[in-house]
Amino acid sequence: MSRPEIEVRGLHKSFGDNEVLRGIDLEIGQGEVVCVIGPSGSGKSTLLRCVNLLEEPSKGQVLVGGTELTDPDVDIDAVRRRIGMVFQQFNLFPHLSVTENLTLPQRRVLGRDKAQAARVAAENLERVGLAEKANAYPASLSGGQQQRVAIARALAMGPEVMLFDEPTSALDPELVGDVLAVMRMLAREGMTMMVVTHEMTFAREVADRVVFMDGGVIVEDGTPRQVIGSPRHERTRHFLSRLLDPAMAEVEEETSDQVGDGG
Amino acid sequence: MSDTELRSAPRRKGLTRRQKRSLSRGAQYVVFVAAVVAFAVSADWGQLKNQFAQADIAEQMFPDVITLALKNTVLYTLSGFVVGLVLGMVIALMRLSSVGPYRWFAGVYIEIFRGLPALLIFIFIGVAVPLAFPGTEIIGGTYGKVALALGLVAAAYMAETIRAGIQAVPKGQMEAARSLGFSPARAMISIIIPQAFRIILPPLTNELVLLFKDSSLVLFLGVTLEERELSKYGRDLASTTANSTPILVAGLCYLLVTIPLGYVVRRMESKAGEAVR
């Protein structure tokens, strides 16, 4: 493996007294797809948001494409152009049409001219299968369609890395498939992806690596076969059994070491 | 307690609730109509008509009351609104700034200019500014002074409205913009403020109605004949004709603008209500 595309070293993050990340070390290589799983409050969303500095780490380093984001002198806006981010709540710009959602960032941030931005927008809407919705407004789209537009919007900026923060968690179950299909396509095309998700099927089939987090640390890191198929740690086994078969879970005592919900 | 007992609701003696309600409503109507009739009968309509509704005096006001007075009122209002909007935007952004002194300054500004009567601001602009900066002329003469005075007052109210509008835009919008590489300022201008303005268009239009009425305070600045607006024009004419008809006509001219504006605001509000999913 050449130099890692994403590199996280000794990352800590606290909100007040609440330490959400307690020393994370993680490397993601070029073209690698890494799924981050874990119970709510494990810090997985916070970790993802630290990778493009939407959250300011309390301690530690984050490097993307060899540039250190945590360097106070770095031009963060320039680095973020190389990192696409997809949110749980889509966060499309509701006052703009689908096409404008894709063209405005290109023009304002990358300085592309109107024609070029429109061309790139059309290409990317085509990729996510929504070319016919080009002139629609976000409010008239289903959740699944909005999320695909959000992915196209990120792709239109030509990112080297894509971050997904529970991209299907806000969707009705029957709409999840379309979004996962787009992500699968991206993975096949060789995009470097970091995906916080509860979709175990996706993790098993698409991810090169699965990272299990709990209590602000990485508990397990390996291939899907290892982490999901035969987890070594009790905590991983416990989480997976509750996730894969929620009906079988037992009522349990709240454990005192649970940290607040970071995502 | 058995089922049958529960089902047979206890019946009070006398009137049912429905009968009581229609009785009380009937009584309210009677009192209301009686009050209106008493008021109408006791007023001296002949006297009122003499003083306020002289057709020939009303006639001689046209077209000046529209082409001069209403035009000036609209001009004063719009210029004040523009100054207020620009200044209000700056104050709102200062109020939301992460820089302490900016927030502090904006807070003090809002408290002062919201707390003072607009009349005092007009007098201050008319008297204190020339004293403090002798020799300097406010650009635009009376128009500039009015725009400044109205703008200073309006900015305080608008700043709070704009701030509320900006804060009403979901946090995810700023995050999405930043993650696409927008700088904070650019995200504010391209993404947040356009959405905030959709939210605050109705209250801003209300502010325009208030300014429209406040523009009457121009008469405390001392204006030339050509610079008179509706209130001043009406009052001047009322004193030369020794009749109040011009006041009534001027009043109607205000309503000519404020009632349609109010209608527009209600339309926008109901539309905004529909848009919320």
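What is the volume of the largest cavity? I will come to that in a moment, after a word on conventions. This is a predicted model, in which local features need pLDDT of at least 70 and side-chain atom pairs count only at pLDDT 80 or more, while totals for chains, interfaces and linings use all residues. Residues are numbered from 1 along each chain as its sequence is written, chains are lettered from A and ligands numbered from 1 in the order in which they are written, and side-chain values use heavy atoms, with hydrogens and water left out.

So, to the cavity, meaning a set of points, on a 1 Å grid over the protein atoms alone, where a 1.4 Å probe fits but cannot get out. A search of the whole structure finds 1 cavity of 30 Å³ or more, and the volume of the largest is about 40 Å³, a volume being the space filled by probe spheres set on the points, which are joined across faces, edges and corners. Its lining, that is, residues with an atom within 4 Å of a point, includes Phe87(A), Arg153(A) and Ser179(B). The elements that give two or more residues to this lining are β6 and α5 (143-155) of chain A, together with α9 (171-179) of chain B; helices (H or I, at least four residues) and strands (E, at least two) are DSSP runs, numbered from the N terminus.

Staying with chain A, two residues other than glycine have a positive phi. For Leu53(A) phi is near 65°, and this residue sits in the loop between α1 (44-51) and β4 (59-64). For Asn91(A) the value is about 55°, in the loop between β6 (83-86) and α3 (98-110). Leu53(A) counts as buried because its relative accessibility is 10%, and Asn91(A) does so at 12%, where buried means under 20% relative accessible area, exposed over 50%, and partly exposed in between (1.4 Å probe, protein chains only).

Turning to chain B, the peptide bond from Phe62(B) to Pro63(B) is cis, with omega near 0°, and Pro63(B) lies in the loop between α4 (55-61) and α5 (64-95).

Finally, an unreviewed UniProt entry lists residues 70-265 of chain B as "domain: ABC transmembrane type-1"; positions are in the numbering used here, feature names are shortened, and annotations may be inferred rather than shown by experiment. Over those residues the chain is 81% helix and 0% strand, with the end C-alpha atoms 21 Å apart. Ile112(B), found in helix α6 of chain B, counts as partly exposed because its relative accessibility is 42%.

Note on methods. 1 Å grid on protein atoms, 1.4 Å probe; cavity = no way out; pocket = protein on both sides within 12 Å on 5 of 7 lines; lining within 4 Å.
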